[in-house]
Amino acid sequence: MDPHVQTGSGANPHTGEVALGINGQMLPLKLTLGALAGLEAELRTGSLIDLVSRFENGRFSASDMLALLAAGLRGGGHTLSAADLATADIEGGPMQAARVAAQLLARSFALPELVTP
């Protein structure tokens with residue numbers, strides 16, 4: 001696990017959640033099916049698989065990152081839009097936002113770990 005990605009403040013990594021410090025609060029982000037559908041509709045080019053590929057290859061844009069984080073916030077039950085997020089105070093700055101966005105994608109598309117007794 002990336003030590004820079006926050007999982008505290010109610011974020012449950014086992015359900016695909018990550019947390020990001022926004023305007024002084026640690027908020028959990030999660031890509032629910034509804035949030036993914038909204039993200040897919042919002043993407044101007046390509047599909048979700050294209051977005052995952054851009055993050056894996058380090059070729060994502062600031063717009064990709066804002067759309068992904070806003071979708072994660074919606075999935076986590078928050079109402080901040082991409083426009084709100086663009087002017088928000090992000091703990092750790094743009095690099096932390098990028099780390100959290102990448103971790104959010106990774107957790108959302110990873111196969112669940114099998115628990116053995």
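Phe 60 is partly exposed, with a relative accessible area of 28%; buried means under 20% relative accessible area, exposed over 50%, and partly exposed in between, using a 1.4 Å probe and protein chains only. This is a predicted model, in which local features need pLDDT of at least 70, side-chain atom pairs count only at pLDDT 80 or more, and totals for chains, interfaces and linings use all residues. Residues are numbered from 1 along each chain as its sequence is written, and side-chain values use heavy atoms, with hydrogens and water left out.

**Aromatic pair**
- A search of the whole structure finds one aromatic pair (ring centres of Phe, Tyr or Trp, the last by its six-membered ring, within 6.5 Å; planes under 30 degrees apart count as stacked, over 60 as edge-to-face, the rest as tilted).
- The rings of Phe 55 and Phe 60 are stacked, because their centres are 4.2 Å apart and their planes at 0°.
- Phe 55 is buried, at a relative accessible area of 10%.

**Helix α3**
- Helix α3 covers residues 62–75 (helices are DSSP runs of H or I with at least four residues, strands runs of E with at least two, numbered from the N terminus).
- Of its 14 residues, 10 are buried, so α3 is largely enclosed by the rest of the structure.
- The buried residues of α3 include Asp 64, Met 65 and Leu 68.
- These buried residues pack against β1, β2, α1, α2, α4 and α5 (contact means heavy atoms within 4.5 Å).
- Gly 77, with a positive phi near 90°, follows α3.

**Hairpin**
- Strands β1 (residues 18–22) and β2 (residues 25–29) run antiparallel and are joined by five bridges (pairing needs at least two DSSP bridges).
- Ala 19 stands opposite Pro 28 in β2.
- Two residues lie between the strands, and Asn 23 takes a positive phi near 50°.

Key:
Expected span 1.5 Å × (residues − 1).
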